[in-house]
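Visitor: Please take me in for a close look at one part of this model, starting from a pair of rings.

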Amino acid sequence: MAWSALSGPCVALVLLFFGLTSCTPSGPASATCATLEQSRFFGVFTSTVALPSAPCSWTLQNPDPRRYTVYMKITKPTDSCVPRVIKTFQFDSFIETSRTYLGMESFDEVVRLCDASTNITYLESSKQFLQVRKVAPRHSLEMLEGEHDVSEFKAEFLVVGKRNPSMPACNMLCQWQEKCLSSSTPDNACGIMNTPCQCWETPQRKPGSCYRGGVYVEKCLPIPRDNGRDGWSGWSRWSECSQECGGGVQVRNRACQPDESACEGVAEEGRACNNQPCIGEPTLRTRSQALRSIIGLKRDNTEEPNQGVTGTLTGKMKAAVPDGWSPWSVCSVTCGEGWQSRTRFCVTSSYATQCTGPLRENRPCNNTAVCPVHGAWDEWAPWSLCSSTCGRGYRDRSRVCRQPQHGGEHCGGPNKQTKFCNIAVCPVDGYWNDWSAWSACSASCSNGTRQRTRECNGPSYGGSECHGNSRETANCFLKECPVDGRWQPWSSWASCSKSCGGGIQQRHRVCDGPFHGGEPCPGEKGEQRRCNERRCPEPHEICLEENTGDVVWKRTPAGDMAAVVCPADASGLVLRRCTLDAVGLAFWENPTHVKCVSKNYETIQMLTQDYISKAQTGQAVDGVSEVISRLRFSSDEGARYSGDLLAIIEILKNTTELHWVSSHTSASINDLQNYVQTISNLLKEEHRDKWEEAQLMGVSVKEFLRLVEDFVNMIGMQMSGFQDIYEVTENLVLSIHKRPTTTNSNFTFPVKGWRGMMDWVRTSEEKITVSHGTSAFVTGIVLYRNLASLLSFQSNTTLLNSKVVTVIVKPTPTLLSSPVEINFPHLHNGTINETCLSWDESETSSLLGSWSARSCRAVPVDSFRTKCVCDSLSTFAILARINLDSALLPSVTLIVGCGVSSLTLLLLITSTSPYIRSERSVILINFCLSIICSNALILVGQTQARNKVVCTLVAAFLHFFFLSSFCWVLTEAWQSYMAVTGRLRNRIIRKRFLCLGWGLPALVVAVSVGFTKAKGYGTVNYCWLSLEGGLLYSFVGPAAAVVLGVTVEFLCRFASLGPHLDVCCPGHHRPPLCPVPDSLCCL
């Protein structure tokens, strides 16, 4: 393209002002062929240099789209052109990770590089990047190297500021706009939509307009004139004289300031000066300077010639004579109104005066020929509205040509101009570019993959995303790879060749392959190992087969465990261990039911497991309250097996987890009460043997304590601030307090005045004090009534000598602001070395198991109470050592009392032995024997409270002999009544006495033992009936019945003897054959 004379300096000025910067391949383009122009405001490039191959791109970055607009002029190729090879578009940004262009807008519709209707095209870009990209032809063969598919085209770009653009940039941009609009057609609109420059067109002169200082002004204001003459400014000063002597000329001028009419008069005038003759020079006649003058004429063609003023001669001087006028010149036009002029010269001498008058005259001339009138354009009409409300549209304007007259020429230039417009941005859906070429196969042999990618253009301005994948993977196969042999997994070990004494086990594996020349499998395909190397047990080290009704226990070596199916009402296995005794003989231990779970508990357990699975997958869970309610009623009925206790703990654990996992599931008041009551049912005295059985099988009580802690934490999180919960059951007391973290609180437990308080809580002497600072949120305290007796910690020398207390604070503080203080009353007297213990699950090496004495210290209060001060939160109790010296013998008071009582009774038996044949003597002797046996059992039971079997037997015999004592009293009353009524004649009556004195107590004890299975006979503190579970009524009831029977018999006896007392006992002497006994006569 040939630049105009104006564009060349403008370009040089722009390049000189802004400078050139180096262009490095970077930005959103091909990594192999890319050019990025930055910080350039003008430049030129050709396609052969910037786009040498395909794919390739040239990108121009706008320094700031808010301040600058990019314009481009593209000179189209003159030779053949392949369409859709050069793509031009603008975009806001490029995301490298997803290969996505944001705000992309194509200029292919504007550029039309292969459209030969125009040679030059223009475009305007307002976004961050303007890119010209060369791509490979879509439907053509691969081009040879060096062959060009598009002829060379040239492009110029110009970056213009939106505010205060530079004059050189505006000059070039105005030229581009003028050419763009002049060549625009409805089918090929101008790509320059707006410019920040004022590109003026020469307007036609309108009435009232004028030019001032070279600027066209539509409305001129009157300017005050320098003098009173119309249209003229004031005269300037006279110039210097043209001659120093011999006569010269001085000149002055004035300017014409026309308004509506032409100026009248001359613009310049002269006068003579320095007329004195020059010394030594002859007088010569010379011509003076020609004065330039312009005669102004009115528009009505009236001529008023100015007459020259002839100066007068003074002295010897004569007036100068002007030459004659020249002929009138030819008319200035060949048609219409024109002008003719003529001139003259002034001939002067040294003795003549200066000529006056004009030297040039003009006159109008008329030509009879009519002049042709050329066509003239009217003003352009305003631009039309944009054809599209969003996106790229068109707007045009038109003008009307006034028709030529008298053979004049038609109007030159287009009567309509069209340019692109863009009022608002339309939502542009993302669309994919063409797929790239497939990559190389990922594997050199066998199956591999290859990939190709494509870029997403857009979306922009709320359009939808590109649908599909930006990456596509396909399988590829080049050749088969060598496959080494691979061993398949080992088979299972075969059975041992011997059951004991050392045998051999074998296993094998198979080699898969090799294939296609691969390596064989390394190693052996078979191996063996020794098994059952323990020595074979001796016959005395094997528990023989045992048949217990419907259960058969097979022969089992010592150390192994046999198993049979649980009873019909439970599922699981009953386990029984064969072990060696102290002398090395094998014997069967008692069967354990720790793996047996009753059907009702198994159903609830499976239901909670199903709820847990649903909650973990995000499903809604309903019915947790019903599960807790069913569990509470089932536990009220008791647990048949030790496995039931473990099942209850697991169900409670699952329900607690459900409340944590499921956000919409919260525990109600009924759920809380059922939960606490279920925990209390686990601690029933009747479950002691099941707890002992579970702990013997390795089940620790830590699961129970962790369950209570999680439950307190869960309830506390659901409570509101300043809320308290207090629950009292038969076996525990639970207190939960919630306070805001900004408050300081002290809690004393238990609260004795709470409604519904049970007797064991009201009479308890424990006192727990918990103080915390501002970090505590939930405080929970649990006091267990009999957990200490359920723990398998008791030994022959130590025992837990207090109730068990759990203190929980959430969130758990790292350091307590003040220690926890617990006052424990002793459960047993006569103990020594009281030690405060805390539950620590991390403790494994201690001889105390999970109990630790490190974080608590004991402060003795008196011989019956101990105060524990602990620096951590846990479960607390007191460990005491049994005073063996005092435990071997009963107390002195008990020995003296029992001894005196027994000695007195022996003396009484000795005194009544001569009357052994008397029924009354027999009754008295049996009564004394029952009392003596009771005293002996009391002394024995005082020392055997730790021996469960002996203590149970002592309690059962005490029950029998105490009831026998009451029954023999009833027997004596019966004998007295029989004697009064005279029915003591038969020996059968004596046998009935024996049945009543010894048989009835034996029957009551047998029934009690049968129903309770000896549970409650003997406790850890004494060898007597337990005060819990109602077993004590088996003694109190019969004793009360005996007392009532004796009272009724006594009243009946007096009622029947009333008429006989006066006859049979006159003067207190009983006659023979009188039915009244001597004792009554004495009364």
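Which are Phe89 and Phe91, buried or exposed?

Guide: Both Phe89 and Phe91 are buried (under 20% relative accessible area; exposed is over 50%, partly exposed in between; 1.4 Å probe, protein chains only). The model is predicted, so local features need pLDDT of at least 70 and side-chain atom pairs pLDDT 80 or more, while totals for chains, interfaces and linings use all residues. Residues are numbered from 1 along each chain as its sequence is written, and side-chain values use heavy atoms, without hydrogens and water.

Start with the rings. Rings of Phe, Tyr and Trp (its six-membered ring) pair if their centres lie within 6.5 Å; planes under 30 degrees apart are stacked, over 60 edge-to-face, the rest tilted. The count by this rule is 21 aromatic pairs. Phe89 and Phe91 make a tilted one, with 5.8 Å centre to centre and 35 degrees between the planes. Phe91 also pairs with Phe129, and here the rings are stacked: 5.2 Å between centres, 20 degrees between planes. That pair links distant parts of the chain, 38 residues apart. Phe91 belongs to strand β5 (residues 86-91) and Phe129 to strand β10 (residues 129-134). Helices (H or I, at least four residues) and strands (E, at least two) are DSSP runs, numbered from the N terminus. Phe91 counts as buried because its relative accessibility is 0%. Phe129 is buried too, at 13%.

Phe957, Phe960, Phe961, Trp968 and Trp998 form one cluster.

Now the interior around helix α8. Of its 14 residues, 11 are buried, so α8 is largely enclosed by the rest of the structure. Among the buried ones are Leu672, Tyr675, Val676 and Ile679. The buried residues of α8 pack against several elements, including α7 (642-661), α10 (702-718) and β44 (732-738).

Phe711 shows that packing at residue level. Beyond its neighbours within four places in sequence, Phe711 contacts Thr656, Leu672, Tyr675, Val676 and Leu734 (contact: heavy atoms within 4.5 Å).

Phe711 also belongs to the largest nonpolar core, of 55 residues (buried Ala, Val, Leu, Ile, Met, Phe, Trp, Tyr and Cys joined through side-chain atoms within 4.5 Å). Phe704, Phe711, Tyr784 and Leu787 touch the most other members. Helix α10 gives the most to this core, with 8 residues. Apart from it lies another core, of 27 residues, including Phe45, Leu113, Val159 and Ala189.
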